[in-house]
Amino acid sequence: MSNDTVTLDNVSKFYGEVLGVNRITLNMTPGITSLVGPNGAGKTTLLNLICGLLRPTRGKISVLGIGTDHPERLFTKVGYCSQFDSFPKGLTGFDLINGYLRVHGFPAKEAEQMTWAAIEKVNLTDAANRRVHGYSKGMRQRIKLAQAISHNPSVLLLDEPLNGLDPMARSEVIGLFQETARNGAHVVISSHILHEVDMISDRVILMNNGYVVAEGDIHGVRDEMEDHPMQIMVRCDKPALLAAHAFQQNRAVEVKLHEDGGGLVLRTRDADQFYLLLNRVVLDCKVGIEAVAPTDDDVHSVYQYLITNDGGKL
Amino acid sequence: MNKTPTPEGTNGRDPNHHHPPTEVESVAPPTEESWRDWPWALWYRQTMAILRLEIKRNFLGRRLIAVYFLSLAPISLLVLRALLPLHESELGNPGKASVVFAILYQAFTLRLAIFFGCVAIFTNLFRGEVMEKTLHYYLLSPVQREVLVLGKYLSGVISAITFFGLSTAACYFLLYAPYGWTFMEEHFTKGPGMSHLFAYLVVSLLACLGYGAVFLGIGLYVRNPIVPAGLILIWESFNFLLPPILQKISVIHYLQSICPVSLPAGPLAIMTEPTSPWISVPGLLGVSILVILASSLRVKTLEITYGTD
């Protein structure tokens with residue numbers, strides 16, 4: 001097993017007869033990896049398996065070459081921001097992180113410095129001496145993040161880390177993830193906020209009903225989905241002419257003209273060839289182009305295509 | 001703690017609170033190699049960290065109200081007794097007090113207070129955290145599961161012996177208080193008072209260690225520890241009716257052997273030779289260690305599935 005990847009080899013987890021995840025084989029390299037899927041898709045189970053809170057029914061998991069049954073080595077490298085929204089009673093934010101670092105084995109002085117560093121990263125310094133049970137949802141989310149990053153882990157597992165955060169805090173936290181990934185860490189994020197995931201992920205793992213339905217760079221995944229013609233929106237002054245050329249050259253399977261007459265939405269099985277055609281039409285027919293944009297190569301569209309039988313409609 | 005020693009240095013902040021250092025140094029986490037080189041130092045630091053967190057929880061938890069009641073109940077009774085005038089027959093025979101204390105200790109403190117106190121404290125160590133959904137706090141740390149079990153167990157022992165050791169000592173003094181200071185001074189300096197008290201404290205400690213290990217294990221292996229605790233209570237309570245070989249499969253048998261004043265077992269009891277302290281003490285400690293090791297094995301395979309627990 002590789003020493004710089006998070007590897008799952010044919011991993012399955014069953015809760016009695018209930019499927020958690022099934023036959024998952026993944027190899028995650030450093031950078032931001034997003035787990036995307038609806039409730040019950042198996043995202044949390046997968047994260048809990050990677051950090052050893054659950055044991056796989058079948059298969060093997062290795063995190064930077066460390067098996068998940070060696071917590072004393074694993075958690076020197078792994079930080080986990082779980083979905084569990086419960087904390088040991090009576091602790092302040094400072095006590096929570098400091099106690100966690102002391103249990104790691106850090107001496108008192110180092111633990112205190114690292115605690116403040118983590119708390120400052122999530123902007124909770126002013127609330128550090130208040131009891132966690134009095135925190136708002138967003139503050140609890142941030143203190144969990146502080147706990148996860150407090151020991152500078154190489155693998156950061158984040159289960160719905162953006163839940164409960166206001167837009168400003170989300171932006172700050174996303175910046176923190178990006179900085180962590182830029183420093184060479186693995187950041188694995190489970191989220192259902194697809195557009196934010198889409199913006200920050202180096203790769204996406206799409207899950208449904210306990211299975212990985214697709215993985216990789218989202219645009220690459222979209223390109224490989226030949227069953228679902230790519231949808232492209234073109235704003236131009238001669239949409240009917242463009243549509244005619246597209247059908248004539250067999251570059252479109254469906255076209256819908258905009259009601260205002262200022263554009264069209266087109267579905268094509270070969271986007272590259274359509275773009276070449278578009279160039280020719282623009283030059284030959286003097287078509288004025290205002291905008292060209294694919295409309296269904298984001299995570300949300302790809303995900304909808306993968307988990308439903310919807311072939312996509314204009 | 002980064003406490004500022006003088007009011008001038010606090011910048012208006014509460015000196016009892018933690019404050020961020022003015023400069024945060026970059027601190028490298030301990031490497032695997034250094035931990036491997038110094039495992040005992042690391043395990044010691046980790047155990048102490050667990051103790052600090054757990055002892056606070058053990059004394060402040062709402063579930064511990066019963067423990068406070070059990071440890072304070074005999075004290076309250078003896079305070080009342082000390083306030084009321086003693087019967088003439090008692091005043092004339094202070095030696096009888098040692099038998100009264102032996103009855104109180106063996107019938108109530110040992111069989112009920114320490115027993116149920118240990119049920120409340122030790123089953124709560126892991127099962128309570130599963131119920132409160134907080135166990136992942138520890139399980140996400142790079143701590144050997146054996147160290148985690150040991151830290152929690154020691155925190156339980158410290159809490160239990162604080163409750164019941166203090167209760168035992170207070171009861172012992174209160175029982176002799178009505179006889180006056182002169183008698184007490186003589187009893188403790190020239191008589192058997194101090195050695196008896198020491199023996200009772202040792203028995204209390206061993207009871208906390210033995211029952212503590214058993215109930216910690218039960219809390220890990222059984223979802224509802226009340227049923228097995230009830231069965232053990234019946235076994236321990238009616239142990240004297242069992243054949244000698246079965247009597248030895250109990251904690252109470254060994255503890256009674258160490259008690260300084262033995263009590264008549266009653267007409268139905270099957271007489272058994274008391275076990276020598278040289279066997280009782282190491283035997284109880286050995287069994288406790290075995291149960292703790294078995295508990296560690298369970299924690300090694302523990303999964304966090306709060307929803308199904």
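A salt bridge is a side-chain nitrogen of Lys or Arg within 4 Å of a carboxyl oxygen of Asp or Glu. This structure holds 11 salt bridges over all chains. The model is predicted, with local features needing pLDDT of at least 70, side-chain atom pairs counted only at pLDDT 80 or more, and totals for chains, interfaces and linings using all residues. Residues are numbered from 1 along each chain as its sequence is written, chains are lettered from A and ligands numbered from 1 in the order in which they are written, and side-chain values use heavy atoms, leaving out hydrogens and water.

Start inside chain B. E54(B) forms a salt bridge with K152(B), and their closest N and O atoms are 3.2 Å apart. E54(B) lies in helix α2 and K152(B) in helix α7 (residues 145–176), so this pair ties together parts 98 residues apart in sequence. Helices here are DSSP runs of H or I, at least four residues long, numbered from the N terminus.

Now turn to where the chains meet. In chain B, 44 residues are in contact with 45 residues of chain A; contact means heavy atoms within 4.5 Å. The two chains bury about 3900 Å² between them, 62% of it on carbon and sulfur atoms. Buried area is the accessible area (1.4 Å probe) that two parts lose on being put together, summed over both.

Two salt bridges are counted between chain B and chain A. K89(A) forms a salt bridge with E132(B), the closest N and O atoms being 3.7 Å apart. On the side of chain B that touches chain A, α1 (32–37), α2 (39–60) and α6 (136–139) each supply at least two residues. The largest share, eight residues, comes from α2(B).

Finally, look at the surface of chain B. V227(B), L231(B), I234(B), F238(B) and L241(B) form a nonpolar patch there, with about 480 Å² of accessible area together. Such a patch joins nonpolar side chains (Val, Leu, Ile, Met, Phe, Trp, Tyr) within 5 Å, from residues with over 30% relative accessible area and no salt bridge. Accessible areas come from the Shrake-Rupley method with a 1.4 Å probe, and for residues only the protein chains shown count as cover. I234(B) sits in helix α10 (residues 226–237).

Conventions
Patch = residues over 30% accessible without salt bridge, like charges linked within 9 Å, V, L, I, M, F, W, Y side chains within 5 Å.
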